[in-house]
Amino acid sequence: MANEIPYKIYLEESEMPTAWYNFRADMKEKPAPLLNPATHQPASVDELSAVFCRELAEQELNNTDALIPIPEEIRSFYKMYRPSPLVRAYCLEQKLGTPAKIYYKFEGNNTSGSHKLNSAIAQAYYAKKQGLKGVTTETGAGQWGTALSMACSYFDLDCRVYMVKVSYEQKPFRREVMRTYGAGVIPSPSDTTEVGKKILAEHPGTGGSLGCAISEAVEYAVSHEGYRYVLGSVLNQVLLHQSVIGLETKTALDKYGIKADVIIGCAGGGSNLGGLIAPFVGEQLRGEAKYKFVAVEPASCPSLTRGTYAYDFCDTGKICPLAKMYTIGSNYIPAPNHAGGLRYHGMSSTLSALRDQGILDAVSYRQTEVFAAAEQFARIEGILPAPESSHAIKAAIDEAMRCKETGEEKTIVFGLTGTGYFDLYGYQKFNDGEMQDYIPTDEELAKSLESLPQM
Ligand SMILES: *Cc1c(COP(=O)(O)O)cnc(C)c1O
């Protein structure tokens, strides 16, 4: 039976989903609402529409519609790089000597190198449909900015990316990809916004921070006619768009009569994990099946494993709505980590609710053990994984090794979110034996949580 399953399960274009799946509709206990930071009242579509595109604001607050049709224009773009393959990791299984069956859904097959394009194209589409001139965003490591610049060039929208100045200087290659797709890339802090000028006056020569870049991107959007701000993770709308990953995975598994036991994803703000598990969570919420869902995060930024479930600011600038989530505090500056996409202080409020309801497990790993797993995977399966994705690889290998001890033939599915070609500085540090592990102390986390808003 097993050898009838190909190494790569490809779907036909016609098998791609025609609607995204919103599992909030099937949750009996809904995630806590976003709150206006000034009034602490639930944020309305009108309020959110001042910052975000209107239709995206509606998706953000939609807890009732399970299926949201994917517009044809977005499906045509998806067809350029989707359906993405579900790969059976036969070589890895053999090398590990595990009776477990391991599958990974590979999202690195596009120029942006990650799953972020799935939401970028949707957000650009709704901005265009609203008649906007352009969108603004921030980027740290650069994956989101790259995906958004590709999406904006497709729909002929202006794209302004505020890039943390240290990254702008240290990661010139990602910057050039964005500029090649026509985006304006501005090192932050900059003199293009009031908040940027203020920070520059107070801290001349600063390398900037993600919080500062967000504040600049939001300020530019709200103070320029025809612009809105867009975000590549954390929000419900982003999880919704990423459900295309899980829907394709489920179609591929169903095609071969495979039932997953464990589903694993790395978690920064939670969008790839929320998308991968979406249809499976739906089955579990409706009482049709049971799964073990695992979120994997870096030990240096442990929101789900060591954070508090509370309302917090989504941004260091404290301008975005408040979200109830597992958080280690919005002032927390994680130690430099080569998995830049996992350095967010909080977690999607929907995934946080699943965790609170006992549906989502979470584990954390140190970056040296993650890079060791990445290297092992690259050598056996051939793909050079992104450091973020490698957190899921490490958890899948550990699960498979537990199966080896117990003899269980579990089916493990994990999300391989992207490739690591722009992360070779991290690989270099690892190969040179110079990579540091940093784990915050309980005191540091307690201190950071003192900044939670008083509710
Ligand atoms: C951004 C990113 C992540 C983390 O973001 P989520 O919203 O948690 O999915 C993971 N992997 C890659 C390759 C990324 O670029």
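## Cysteines

Cys212 is buried, with a relative accessible area of 7%; buried means under 20% relative accessible area, exposed over 50% and partly exposed in between, using a 1.4 Å probe and protein chains only. Its closest cysteine sulfur belongs to Cys320, and at 13 Å that is too far for a bond.

Cys53 counts as buried too, because its relative accessibility is 1%. For Cys53, the nearest cysteine sulfur is that of Cys152, 9.6 Å away.

## How the model was read

This is a predicted model, where local features need pLDDT of at least 70 and side-chain atom pairs count only at pLDDT 80 or more, while totals for chains, interfaces and linings use all residues. Residues are numbered from 1 along each chain as its sequence is written, and side-chain values use heavy atoms, leaving out hydrogens and water.

Most residues other than glycine have a negative phi, and most peptide bonds are trans. Asp156 isn't a glycine, yet its phi is positive, about 60°. Asp156 sits in the loop between α6 (143–155) and β7 (158–164); helices (H or I, at least four residues) and strands (E, at least two) are DSSP runs, numbered from the N terminus. With 64% relative accessibility, Asp156 counts as exposed. Val234 also has a positive phi, about 65°, but counts as buried at 11% relative accessibility.

Now for the cis peptide bonds: one joins Arg82 and Pro83, with omega about -10°. Another runs from Ser188 to Pro189, with omega near 5°.

Terms used
A disulfide is a pair of cysteine sulfur atoms within 2.5 Å.
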